Amino acid sequence: MKPLICIAPAPAVEPQFFNDGWMVNKKYFLGVTAGGGVPVMATDIELAEDYARLCDGLILTGSAMYMPSPEYAAQAKAVEKGKRDPLDEALFHAFEKAGKPVLGICRGQQNINVFLGGTLAKKFKLTDGVEHLMHKHEIIAEPDSLIGRLFGEKFITNSRHNNRIDQLADSLKVTARSHDGVIEAVEHQSLPIYAVQWHPERMRGDLPDPFDGPDTTVLFQKFSEICLEHRK
């Protein structure tokens, strides 16, 4: 049986859905499906433990902070912080408690670090002079890490973030960095928890993302395999 993989959503960004809707970029669903899994979107914080019991793994997704109009930006940020982060945290700790695999992507990596006691540097490019929004760049991976085994020591990724990990949580280890020192991937010291700062769902096969990196379908395939290995 294929692994059932829970995907954490973001509040829907269209103004009429701010208080009621959830959304997931379809590229996450396509990535899970291409990797051999069956995607399920979580929608209710009260059901976090039920999702962890029924599903084989969890993906914490990137932010959905693109806006149809600038006038809605402040409201969207407030809704995302007020609704999304509590749902992400409840889901993460439910799957962590169950010992089931978790994959964090972009904001998902940042949230995992915070949930485990780490901190973030927000809008770091304004203070560090480092640009990581809508750029591509090379990262360097630890050879014995999940990312290093899948893609090699050096490879190109996309980059779509304003925040980054600052103080790393004690239970995590760094498995990849960019040349300017930004943490690009982490793994848990003892649990099947993995995260990347870039967007692998946008780097699969012939998807029209203008980057020169590897086909990251293999990451979703490997995550599905890990989910099956930890099925209870």
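Contact is taken here to mean heavy atoms within 4.5 Å, and helices (H or I, at least four residues) and strands (E, at least two) are DSSP runs numbered from the N terminus. The structure is a predicted model, in which local features need pLDDT of at least 70 and side-chain atom pairs count only at pLDDT 80 or more, whereas totals for chains, interfaces and linings use all residues. Residues are numbered from 1 along each chain as its sequence is written, and side-chain values use heavy atoms, with hydrogens and water left out.

In helix α1, the residues Tyr-28, Gly-31 and Val-32 are buried, where buried means under 20% relative accessible area, exposed over 50% and partly exposed in between (1.4 Å probe, protein chains only). Viewed down the axis of α1, the buried residues fall within an arc of 95°, so they line one face of the helix; the arc is that of the directions from the helix axis to the C-beta atoms. The cover over the buried residues of α1 includes β1 (4-8), β4 (38-41), β5, β6 and α7. Lys-26, by contrast, which is found in α1 (residues 26-34), counts as exposed at 60% relative accessibility. The C-alpha atoms of Lys-26 and Glu-201 are 9.2 Å apart in space, although the two are 175 residues apart in sequence.

Strand β6 (residues 102-105) directs Val-102 and Gly-104 one way and Leu-103 and Ile-105 the other way, and all of these residues are buried. Two strands are said to pair if DSSP finds at least two bridges between them. Strand β5 (residues 57-60) pairs with β6 in the parallel sense over 3 bridges, and Leu-60 stands opposite Gly-104 in β6. Strands β6 and β13 likewise run parallel, being joined by 4 bridges, and the partner of Ile-105 in β13 is Val-196.

The loop between β13 (193-196) and α7 (217-229) contains Arg-204. This arginine, Arg-204, is buried yet has no salt bridge, and the nearest side chain of opposite charge, that of Asp-215, is 5.7 Å away. Apart from its neighbours within four places in sequence, Arg-204 is in contact with Leu-30, Gly-31, Ala-34, Asp-215, Thr-216, Thr-217 and Phe-220.

The structure holds 7 salt bridges. One of them joins the side chains of Arg-53 and Asp-50 at 3.3 Å, N to O; these two residues are 3 apart in helix α2 (residues 48-54) and are therefore separated by about one helical turn. Arg-53 counts as exposed at 55% relative accessibility, while Asp-50 counts as partly exposed at 30%. A salt bridge is also formed by the side chains of Arg-84 and Asp-88, at 3.4 Å, N to O; Arg-84 and Asp-88 are 4 residues apart in helix α3, so about one helical turn separates them, and both residues are buried. In Arg-164 and Asp-128, the closest N and O atoms of the salt bridge are 2.8 Å apart. That pair links distant parts of the chain, with Arg-164 in strand β10 (residues 164-165) and Asp-128 in helix α5 (residues 125-128), 36 residues apart. Arg-164 counts as buried at 17% relative accessibility, and Asp-128 as partly exposed at 39%.

A search of the whole structure finds 4 aromatic pairs, for which rings of Phe, Tyr and Trp (its six-membered ring) pair if their centres lie within 6.5 Å, planes under 30 degrees apart counting as stacked, over 60 as edge-to-face and the rest as tilted. Phe-92 and Phe-115 form a tilted pair, at 5.8 Å centre to centre and with 40° between the planes. Because Phe-92 lies in helix α3 (residues 73-98) and Phe-115 in helix α4 (residues 107-115), the pair ties together parts that are 23 residues apart in sequence. Phe-92 is buried at 0% relative accessibility, and Phe-115 is buried with a relative accessible area of 13%. The rings of Phe-151 and Phe-155 have centres 5.2 Å apart and planes at 45°, so this pair is also tilted. Both Phe-151 and Phe-155 are buried, and ring pairs link Phe-151, Phe-155 and Trp-198 into a cluster.

Note on methods
Lys, Arg positive; Asp, Glu negative; His and termini not counted. Salt bridge = Lys/Arg side-chain N within 4 Å of Asp/Glu carboxyl O.
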